[in-house]
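Hi everyone, thanks for making time.

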Amino acid sequence: MTPKGQRDYGSVRLSRHAIERVVERFGVEPAEAEARLREALGRTRRLGRNPANGAIAALGLYRGRVLVAILQDGSCLTVLTWNQFEPRLADFGRARVPRKWGRALGRLAAPGPEADAEG
């Protein structure tokens with residue numbers, strides 16, 4: 001179960017393009033790319049929605065680096081770094097970086113409630 005304010009997109013269909021972008025942009029081994037991307041998508045925060053095509057931007061973390069997944073119709077189409085996504089914020093209904101940016105990233109990096117229950 002994901003914490004309040006977060007979403008689990010770990011079960012969406014992954015496009016080949018998205019897996020290739022994870023390998024290219026985050027230095028993941030090709031054999032591990034799908035599993036690592038699903039792990040990162042398991043705890044995300046929704047950034048916004050593009051009204052033109054219905055795509056959703058979801059913020060996640062991969063080994064401490066910000067990852068933005070573009071999702072549409074139950075599929076992850078591509079994966080961007082924050083620097084690649086930031087100029088496109090307006091396309092997803094945001095004029096600027098979300099408030100309390102550091103806190104949002106800290107919550108994504110924190111262990112989930114199931115880890116708290118175990119120990």
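This is a predicted model: local features need pLDDT of at least 70, side-chain atom pairs count only at pLDDT 80 or more; totals for chains, interfaces and linings use all residues.

**Rings, cores and a buried arginine**

Residues are numbered from 1 along each chain as its sequence is written, and side-chain values use heavy atoms, with hydrogens and water left out.

Back to the rings. Phe85 and Phe92 belong to one aromatic cluster with Trp82 and Trp101. How many aromatic pairs are there in the whole structure? A search finds 4, where rings of Phe, Tyr and Trp (its six-membered ring) pair if their centres lie within 6.5 Å, and planes under 30 degrees apart are stacked, over 60 edge-to-face and the rest tilted. One of them is Phe26 with Tyr62, edge-to-face at 6.0 Å centre to centre and 75° between the planes. Phe26 sits in helix H1 and Tyr62 in strand E3, so this pair ties together parts that are 36 residues apart in sequence. (Helices, H or I with at least four residues, and strands, E with at least two, are DSSP runs numbered from the N terminus.) Both Phe26 and Tyr62 are buried. As for Phe85 and Phe92, their ring centres are 5.4 Å apart and the planes are at 50°, so that pair is tilted.

Now, Arg25, which is also in helix H1. Is Arg25 buried or exposed? It counts as buried, because its relative accessibility is 19%. Skipping residues up to four places away in sequence, Arg25 touches Arg65, Thr78, Val79, Leu80, Thr81 and Gln84, a contact being heavy atoms within 4.5 Å. Thr81, in strand E5 (residues 75–81), is buried too, at 14% relative accessibility.

Last stop, the cores. A nonpolar core is a set of buried Ala, Val, Leu, Ile, Met, Phe, Trp, Tyr and Cys residues joined through side-chain atoms within 4.5 Å. The largest one has 20 residues, and Leu37, Leu41, Leu67, Leu71, Cys76 and Val79 touch the most other members. There's also a second, separate core of 15 residues, including Leu47, Val66, Leu80 and Leu89.

Terms used: Buried means under 20% relative accessible area, exposed over 50%, partly exposed in between (1.4 Å probe, protein chains only).
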